[in-house]
Amino acid sequence: MRRFVGFEKGINLGGWFSQCDHTQKRYDTFIVDSDFAELSTWGLDHIRIPVDYNLVETKDGTYIEEGFARLEKAINLCRRYKLNMVLDLHKTAGFSFDQGEAETGFFSDEKLQERFYRLWEEFARRFGKYSDTVAFELLNEITEKSFSSVWNSIAGKCIKRIRAICPDVYILVGGYWNNSIDALEDLEPPADDKIVYNFHCYEPLLFTHQGAYWVREMPRHFRMNFPVSVESYQKNAKALELHSTPLVNSLPGPMVDGQLFDALFAKAVAVAEERNALLYCGEYGVINLAEVKDTLEWYKAINAAFVKYNIGRAAWSYKEMDYGLSDEHARPIIEELKKYL
């Protein structure tokens, strides 16, 4: 498996320029220079910065110079502290993975698609000179499988337009079902050797999202351990009427543990190797409601699979966002956990 050099161990700065109230106060205070200095001591080689279009565009599409300047500053801070950066467009005009954002129409509206292409051309013109530091992630978490064909077309056109300006930047592309591993096989073959297949991993979902308020079927009081028996996991999944990873049924042992990640990632690696694509996991993590000892065991298990298959990754998330690894709940395990990012 080809290594995504420079993007092998990372963390997300979720909630700074995305999934936030988009106020000057938020931009100025949520993440500051000292956070970059701190992260440079965590043994990481990169950070992933989710960005909503609201940072750099008004509702009518007018560019916001201050927003671009903030991204330029973030890039320069990364360079100062010898960290690379994934610039992830987390929300574009007309689409967000979060239905609460009420962004619709992107996959059927050519004007919104053209706006998307032009924004990426603008990113390429401004930040392509940093291609030794910055990678571009086209769009976060396509949701419906029905979008697959049109998304392949949009991504292909966008890559061509970026390449006309910046021929050597890494470009990350994920698939439907919120960057599911199962969607990788339906992505178009990579246009060149700097296209990266991107997936997210929050398996097993009942553990990583236990008690999650944004999961409609999830009781707020539900708790679960890791590792857990296959029998217990399937019983809970059935009772909650939540998706149960089909691979759980075929695990060779009685436990849902590290073998799950080994099986999941083998599927992703098979697709990537067949197409000579780089592979990257842009998000993975455990909700702050889980027992910290179990969270540590989960990180150890998933890290072993990342290392086995040479998969680059970025944990979700550095601060707050219900998963914050720098927050109080993670303090008892953080020094040990850093070894397994």
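The lining of the second largest pocket is made of 9 nonpolar, 2 polar and 2 charged residues. Here Ala, Val, Leu, Ile, Met, Phe, Trp, Tyr, Cys and Pro count as nonpolar, Asp, Glu, Lys and Arg as charged, and the others, Gly among them, as polar.

Before I go on, this is a predicted model, in which local features need pLDDT of at least 70 and side-chain atom pairs count only at pLDDT 80 or more, while totals for chains, interfaces and linings use all residues. Residues are numbered from 1 along each chain as its sequence is written, and side-chain values use heavy atoms, with hydrogens and water left out.

Back to that pocket. The second largest pocket holds about 190 Å³ of space. A pocket is an open set of points on a 1 Å grid over the protein atoms alone, where a 1.4 Å probe fits, with protein on both sides within 12 Å along at least five of seven lines; lining residues have an atom within 4 Å of a point. The volume is the space filled by probe spheres set on the points, which are joined across faces, edges and corners.

Which element gives the most to this lining? Helix α5 does, with 5 residues. Helices (H or I, at least four residues) and strands (E, at least two) are DSSP runs, numbered from the N terminus.

Now the largest pocket. Its volume is about 1,900 Å³. The lining has 50 residues, and E141, W177, N178, H209 and W214 lie nearest the centre. By class, the lining of the largest pocket has 21 nonpolar, 17 polar and 12 charged residues. The largest share, 3 residues, comes from α6. Among the elements that each supply at least two residues are β4 (95-96), β7 (195-201) and α10.

Helix α10 takes me to the packing. Helix α10 (residues 258-275) and helix α11 (residues 292-309) pack at about 30°, with axes 9 Å apart. Axes are lines fitted to C-alpha atoms, for helices over the stretch in contact, and angles run from 0 to 180 degrees between N-to-C directions. On the α10 side the contact (heavy atoms within 4.5 Å) includes F261, F265 and V269, and on the α11 side W298, I302 and F306. This contact has 10 nonpolar, 1 polar and 2 charged residues.

Last, the whole chain. There are 12 helices and 11 strands. The C-alpha trace spans about 55 × 40 × 40 Å along its principal axes.
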